[in-house]
Amino acid sequence: MSARFEALGVVVSDVARSVAFYSLLGLEFPEDPEGHVEAPLPGGLRFMLDSEDVVRSFDPEWNRPEGNSIGLAFACDSAADVNRVYDAIVAAGYDGHKEPWDAFWGQRYAQVRDPDGHVVDLFAPLES
């Protein structure tokens, strides 16, 4: 028996709003999102969004966890691109959790929140 990692799923309260957010980060979803949508990722992986109603259809006792329950990170092309992507997300009305900064580990870093409050990291190597 074997298993392989193939997909990452995030439970969201509003699929269309989450599709709009993650589309700003370069993910491509179907035109008319409903309760479950998938965006293909490099290497054959998939990023999935499921509505709370879909999850409750097979797990009626499911409750949204408190706090940050997943870690998502998106690589940007450059340190300047971290700033640009952060600004675009904030300008689109989403929460900028931590403004871009030069992290001690050698990356330009920023954090935003998706519509359900999940923290999403943006990063790129610092130019030397």
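Colleague: What makes β2 and β3 a hairpin, and how many residues lie between them?

Modeller: In this predicted model, five residues lie between β2 and β3. Two strands count as paired if there are at least two bridges between them. In the turn, Gly-43 has a positive phi of about 80°.

Colleague: Which residue of β3 is the bridge partner of Glu-38?

Modeller: The partner of Glu-38 is Met-48 in β3. Met-48 is also the bridge partner of Gly-9.

Colleague: How do you know that β1 pairs with β3, and in which sense do they run?

Modeller: Strand β1 (residues 7-12) is joined to β3 by six bridges, and the two run parallel. The cut-off is at least two bridges, so β1 and β3 are paired.

Colleague: Why is strand β3 called mostly covered?

Modeller: A residue is buried if its relative accessible area is under 20%. In β3 (residues 46-51), five of the six residues are buried, and therefore the strand is described as mostly covered. Over the protein chain, buried residues make up 36% of the 128 residues.

Colleague: What makes β4 and β5 the edge strands of the four-stranded sheet?

Modeller: That open sheet has the order β4-β7-β6-β5, with mixed pairing. Strands β4 (72-75) and β5 (95-102) each pair on one side only, and the twist averages 20° from one strand to the next.

Colleague: How do you know that β6 and β7 are paired, and how many bridges join them?

Modeller: Seven bridges join β6 (residues 107-113) to β7 (residues 119-125), and these strands run antiparallel. The requirement is at least two bridges, so they are paired. One of the bridges links Arg-108 to Ala-124 in β7.

Colleague: Where does helix α3 lie, and at what angle does it run to β6?

Modeller: Helix α3 (residues 79-91) lies across β5, β6 and β7, running at about 10° to β6.

Colleague: How many helices and strands has the protein chain, and in what order do they run?

Modeller: There are three helices and seven strands, in the order β-α-β-β-α-β-α-β-β-β from the N terminus on.

Conventions:
Residues numbered from 1 in each chain as written. Predicted model: local features only at pLDDT ≥ 70, side-chain atom pairs only at ≥ 80, totals over all residues. Heavy atoms only, no water. Axes fitted to C-alpha atoms, helices over the stretch in contact; angles between N-to-C directions. Contact = heavy atoms within 4.5 Å. Buried < 20%, exposed > 50% of the residue type's maximum accessible area, 1.4 Å probe, protein only.
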